[in-house]
Amino acid sequence: MNPAAFPPARRIGRTEAAELWHNADDAELQRLAAEARARFHRPDKATWLTMAIVNTTNVCVARCDYCAFYVLPNKPGAYALDADAISARLDALVALGGTLVGFNGGFHPKMRLIDYARLFQTVRSRFPTLEFFELTVAEFMYSCKVSRLSYADGAALLRDHGTRWVTGGGAEVLTDSFRMRHSPLKYTVDDYYDAQRAILLAGLGSTATMVIGFDETLDERLDHLERLRDFQDEVGGLLPSFLCWTYKPTATELGGDEIDARSYNRWLAICRLYLDNFRHIRTSVLTRNATAMEALRWGADDFDLPTEDEVTQKAGATVSHDFEALLDAARALGITPQRRDPFSIPRLTAPA
Ligand code: SF4
């Protein structure tokens, strides 16, 4: 991490974060988050790009109870896209001015890592101007197991086939009590961070994510932030961004209600304050639509305009291609949204 880019902040602990969550009024929380945001970003600017999340397969054996997307192997509706089907989706993204693709899917028991690597290599060669996030950490972990590869060997395999990024998706709430309640077949938190570490050490880029609004407790949310901040310290700030989105309950086994805008905004403020070693805190247009822009006044500085994501759309998300209307929602708050290129992959700086 370049220390000059991260001027010192007074680090807050769990107790203070919980105190702020329970007792700070909205104005105070906004003010503190704005101060923390201003360490890295001008208050009147935010950045964005257009991206597609292309779901390469909906076949999944993890059976998370909050998921409305997956189909068990060999059941009606199961699919796995080939390079031509993916390319047709990316033609649509390019027509909409998109620059970034996230390949997400499920835990497909027959997809080895080499199958993904070759598929992505083919698609990448057809779209040289696009940047790609290829698999989430969670899918990477499962495909390594299917392939009988260590995470280090799996990350090297992807890298040697041209992969540049894996994303920190599939994280939801990274605490084992949450995982046991809702997705006991997915992974343990230690395992997740082992995979994330191997990805970064292989020289690939990755990101950090969180999903809120299930039945998680404040303690579980703070577990997520604490473990993530420690990890970011350990790897010297290699994760460029943290994205928090919200659970969509439609058609899921878990069900429930969506959290309201105020709860989301307040939580993003806590994230900005707690994750003092993250430059970019991203707000989710995919799950919050135009109201996501409000979070730019609660510590967030960046967002994407999504063109598609079947996983969240199946659970009730709606995607609008009226990008100007979405950007106008930011402008109405006095924030100028500036289009950006996909992030560069941070590099470990050699110790002094
Ligand atoms: S959330 Fe992901 S891992 Fe869990 S069931 Fe859905 S597709 Fe599978």
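Mentor: Start with the contacts along the whole chain. Take those between residues at least 6 apart in sequence: 82% of them join residues at least 24 apart. Keep in mind that this is a predicted model.

Now the overall build. The protein chain has 13 helices and 9 strands. Its radius of gyration is 19 Å, close to the 20 Å that the globule rule gives for 352 residues, so the chain is as compact as a globular protein of that length. Along the principal axes, the C-alpha atoms fill a box of roughly 50 × 45 × 40 Å. Of the 352 residues, 44% are buried.

Next, the helix pairs. Two packed helices are described by the angle between their axes and the distance between the axes. Look for both values in each pair.

Take helix 2 and helix 10. Helix 2 covers residues 26–37, and helix 10 covers residues 261–274. Their axes are 9 Å apart, and the packing angle is about 40 degrees. That angle makes helix 2 oblique to helix 10. The crossing of these two helices is left-handed. Which residues make the contact? Helix 2 supplies Leu29, Gln30, Leu32, Ala33, Ala36 and Arg37. Helix 10 supplies Arg266, Ala269, Arg272 and Leu273. Sort the residues of this contact by type, and you get 6 nonpolar, 1 polar and 3 charged.

Now turn to helix 3 and helix 4. Helix 3 runs over residues 83–95 and helix 4 over residues 113–126. Their axes come within 10 Å and cross at roughly 40 degrees. Helix 3 and helix 4 are therefore oblique to each other. Is their crossing left-handed or right-handed? The crossing of helix 3 and helix 4 is right-handed. On the helix 3 side, the contact is made by Ala83, Ile86 and Ser87. On the helix 4 side, it is made by Leu119, Thr122, Val123 and Arg126. The residues of this contact divide into 4 nonpolar, 2 polar and 1 charged.

Follow the chain back from helix 3 into a loop. Arg63 lies in the loop between strand 1 (45–55) and helix 3. Most residues other than glycine have a negative phi. Arg63 is not a glycine, yet its phi is positive, about 55 degrees.

Ala251 is found in the loop between strand 6 (241–246) and helix 10. Phi of Ala251 is positive too, near 65 degrees, in a residue other than glycine. Is Ala251 buried or exposed? Ala251 has 12 C-beta neighbours inside 10 Å, so it counts as exposed.

Finish in the segment after strand 9 (336–339), where Ile345 is placed. Ile345 has 14 other C-beta atoms within 10 Å and is partly exposed. What does Ile345 touch, leaving out residues up to four places away in sequence? Ile345 touches Arg164 and Gly205. Ile345 and Leu225 are 120 residues apart along the chain, and their C-alpha atoms are separated by 22 Å.

Technical notes: Residues are numbered from 1 along each chain as its sequence is written. This is a predicted model: local features need pLDDT of at least 70, side-chain atom pairs count only at pLDDT 80 or more; totals for chains, interfaces and linings use all residues. Axes are lines fitted to C-alpha atoms, for helices over the stretch in contact, and angles run from 0 to 180 degrees between N-to-C directions. Helices (H or I, at least four residues) and strands (E, at least two) are DSSP runs, numbered from the N terminus. Angles under 35 degrees count as roughly parallel, over 145 as roughly antiparallel, 65 to 115 as roughly perpendicular and the rest as oblique. A crossing is left-handed if the near helix is turned anticlockwise from the far one by less than a right angle, and right-handed if clockwise. Two residues are in contact if their C-beta atoms, placed from the backbone, lie within 7 Å. Ala, Val, Leu, Ile, Met, Phe, Trp, Tyr, Cys and Pro count as nonpolar, Asp, Glu, Lys and Arg as charged, and the others, Gly among them, as polar. The radius of gyration is taken over C-alpha atoms; the globule rule is 2.2 Å times the number of residues to the power 0.38. A residue is buried if 20 or more other C-beta atoms lie within 10 Å of its own, exposed if 12 or fewer, and partly exposed in between; C-beta atoms are placed from the backbone.
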